[in-house]
Amino acid sequence: MAHEVLILAFEGKKSCFLHALLNALDMSEKGFAVSVVMEGESPSLMKEITNEKDPVHEIYIEAKKRGLIKAVCYGCSKMMGVLEIVEKEGLPLNGDMRNHVPLATYVERGAEIITF
């Protein structure tokens, strides 16, 4: 099995999320098993990056098409007012840990966790 990496996007800063996606794409191309999880403030970026004119849109679409975005926090998406956008985008919502994404699953598998 390929080395597993969890890229945990917490920040609501577009530059941080861009780097999370760029690293996910790069690691995936190099054979890593990559999972991007959007938690905290990062789901709020869905309002911007889903717009075709946004500078991060193309990178977001590439990561989405490759299936690298494995979970978007249900609770945070709801709180940030982007739940409908996440659903419309077809991204996997996860609220298995009191409406948030449980990280224990990744830790149990030995995934390396990188936070942006």
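# Exercises on a predicted model

The exposed residues E58 and K65 sit on the face of helix α3 that is turned away from its buried side. Here exposed means over 50% relative accessible area, buried under 20%, and partly exposed in between, using a 1.4 Å probe and protein chains only. Helices (H or I, at least four residues) and strands (E, at least two) are DSSP runs numbered from the N terminus.

This is a predicted model, in which local features need pLDDT of at least 70 and side-chain atom pairs count only at pLDDT 80 or more, while totals for chains, interfaces and linings use all residues. Residues are numbered from 1 along each chain as its sequence is written, and side-chain values use heavy atoms, with hydrogens and water left out.

## Exercise 1: the two sides of α3

Task: Find which residues of α3 are buried, and what covers them.

Solution. 
- Step 1. The buried residues of α3 are H57, I59, Y60 and A63.
- Step 2. Looking down the axis of α3, these buried residues fall within an arc of 165 degrees, so they line one face of the helix. The arc is that of the directions from the helix axis to the C-beta atoms.
- Step 3. Now look at the cover, which includes α1, α2 (46–49), β3 and α5. Contact means heavy atoms within 4.5 Å.

## Exercise 2: strand β1

Task: Decide how many residues of β1 are buried, and where they point.

Solution. 
- Step 1. In β1, 6 of the 6 residues are buried, so the strand is largely enclosed by the rest of the structure.
- Step 2. In a regular strand the side chains alternate between the two faces of the sheet.
- Step 3. Both faces of β1 are covered, with E4, L6 and L8 buried on one side and V5, I7 and A9 on the other.
- Step 4. For the pairing, 6 bridges join β1 to β2, and the two strands run parallel. I7 has V36 in β2 as its bridge partner.

## Exercise 3: salt bridges

Task: Find which parts of the protein are tied together by the pairs R66 with E29 and E89 with K64.

Solution. 
- Step 1. The structure holds 8 salt bridges. A salt bridge is a side-chain nitrogen of Lys or Arg within 4 Å of a carboxyl oxygen of Asp or Glu.
- Step 2. R66 forms a salt bridge with E29, and their closest N and O atoms are 3.1 Å apart. R66 lies in the loop between α3 (57–65) and β3, and E29 in helix α1, so the pair ties together parts that are 37 residues apart in sequence.
- Step 3. R66 is partly exposed at 37% relative accessible area, whereas E29 is exposed at 54%.
- Step 4. E89 and K64 meet through their side chains in a salt bridge (3.0 Å, N to O). E89 lies in helix α5 (residues 83–89) and K64 in helix α3, so this pair ties together parts that are 25 residues apart in sequence.
- Step 5. E89 counts as buried at 17% relative accessibility, and K64 as partly exposed at 28%.
- Step 6. To finish, look for K14, E48 and D54, which are linked in a network of salt bridges.

Note on methods. Two strands pair if DSSP finds at least two bridges between them.
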